[in-house]
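Hello,

Here is the structure I promised to pass on to you. My notes on what turned up in it follow below, so please have the viewer open as you read.

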Amino acid sequence: MEIVKASEFKEFINTLKKNSIDLDLLKDKMLNRKKIIVICGPTGIGKSNLGISISGFLGTDIISVDSMQIYRGMDIGTDKINSKKYGIKQYMIDLFDPDHKLTVMEFRNIAKQIISQEFIKFRKIPVMVGGSGLYIKAIIDDLDKGPGEDK
């Protein structure tokens, strides 16, 4: 799988327009309905590349929902892609040292704050990419408490 180049995006957008598909209208509908794009699956299937391609196409950024990419220095085996070279910002990367005991609730709270301040505020569609289903569920379903937490 390859990352789509800017010229290919333009060609694709022109094809959509030729077929009377209004990308701006599609984006507006998704934003108004508060839709989030989620790319989830097992390790090594190309989630990051697909996320870069979709984000570039939609003019948005990525929220990593990976349990290891959030830690600084955990680069081997986590596929921390350099999204900056594609003009795409990746959130939830390298936030903590590996000795930080991150909870699902802490992850959810940070991600929801980013969604509110960096995506909704600027009318950008969030693209969540990663394989941590519990983190995704916590954000999407607004999970309240994790196992073993006091109510």
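**What I found**

Arg123 is partly exposed, with a relative accessible area of 43%. Please keep in mind as you read that this is a predicted model.

**Salt bridges**

Searching the whole structure gives 6 salt bridges. One of them joins Arg123 to Asp28, with 3.2 Å between the closest N and O atoms. Asp28 belongs to helix 2 (residues 23–32) and Arg123 to the loop between helix 4 and strand 4, so this pair ties together parts that are 95 residues apart in sequence. Asp28 is partly exposed as well, its relative accessible area being 35%.

Another salt bridge is formed by the side chains of Lys124 and Asp61, at 2.5 Å from N to O. Lys124 sits in the loop between helix 4 and strand 4, while Asp61 is in the loop between helix 3 (47–58) and strand 2, so the two tie together parts that are 63 residues apart in sequence. Is Asp61 buried or exposed? With a relative accessible area of 7%, Asp61 is buried. Lys124 also lies over the face of Phe119, 5.7 Å from the ring centre.

Then there is the salt bridge between Asp94 and Lys80, whose closest N and O atoms are 2.3 Å apart. This pair links distant parts of the chain: Asp94 is in the loop between strand 3 (90–91) and helix 4, Lys80 is in the loop between strand 2 and strand 3, and they are 14 residues apart. Which residues make up the network that Asp94 and Lys80 belong to? Salt bridges with shared partners join Asp75, Lys80 and Asp94 into one network. On accessibility, Asp94 is partly exposed at 31%, and Lys80 is partly exposed at 22%.

**Aromatic pairs**

Phe107 lies in helix 4 (residues 104–120) and Tyr135 in helix 5 (residues 133–140), so the pair ties together parts that are 28 residues apart in sequence. Both of these residues, Phe107 and Tyr135, are buried.

**Around Ser64**

Phe107 turns up again among the contacts of Ser64, a residue of strand 2 (residues 62–64). Leaving out residues up to four places away in sequence, Ser64 touches Gln69, Tyr91, Met92, Ile93, Phe107 and Val129. Why does Ser64 count as buried? Its relative accessibility is 1%, and the cut-off for buried is under 20%. The side chain of Ser64 also reaches the backbone nitrogen of Asp66, at 3.4 Å.

**Strands 1 and 4**

Strand 1 (residues 37–40) and strand 4 (residues 127–130) pair in the parallel sense, over 4 bridges. Within that pairing, Val127 in strand 4 is the bridge partner of Ile37. In a regular strand, side chains alternate between the two faces of the sheet. Strand 1 has Ile37 and Ile39 on a covered face, whereas Val38 and Cys40 are on an uncovered one.

How values were computed. Residues are numbered from 1 along each chain as its sequence is written. This is a predicted model: local features need pLDDT of at least 70, side-chain atom pairs count only at pLDDT 80 or more; totals for chains, interfaces and linings use all residues. Side-chain values use heavy atoms; hydrogens and water are left out. Buried means under 20% relative accessible area, exposed over 50%, partly exposed in between (1.4 Å probe, protein chains only). A polar contact is a pair of N or O atoms within 3.5 Å; within protein, one must be able to donate a hydrogen and the other to accept it, and residues adjacent in sequence count only if both atoms are side-chain atoms. Contact means heavy atoms within 4.5 Å. Two strands pair if DSSP finds at least two bridges between them. A charge sits over a ring if NZ of Lys or CZ of Arg is within 6 Å of the ring centre and within 35 degrees of the ring normal. A salt bridge is a side-chain nitrogen of Lys or Arg within 4 Å of a carboxyl oxygen of Asp or Glu.
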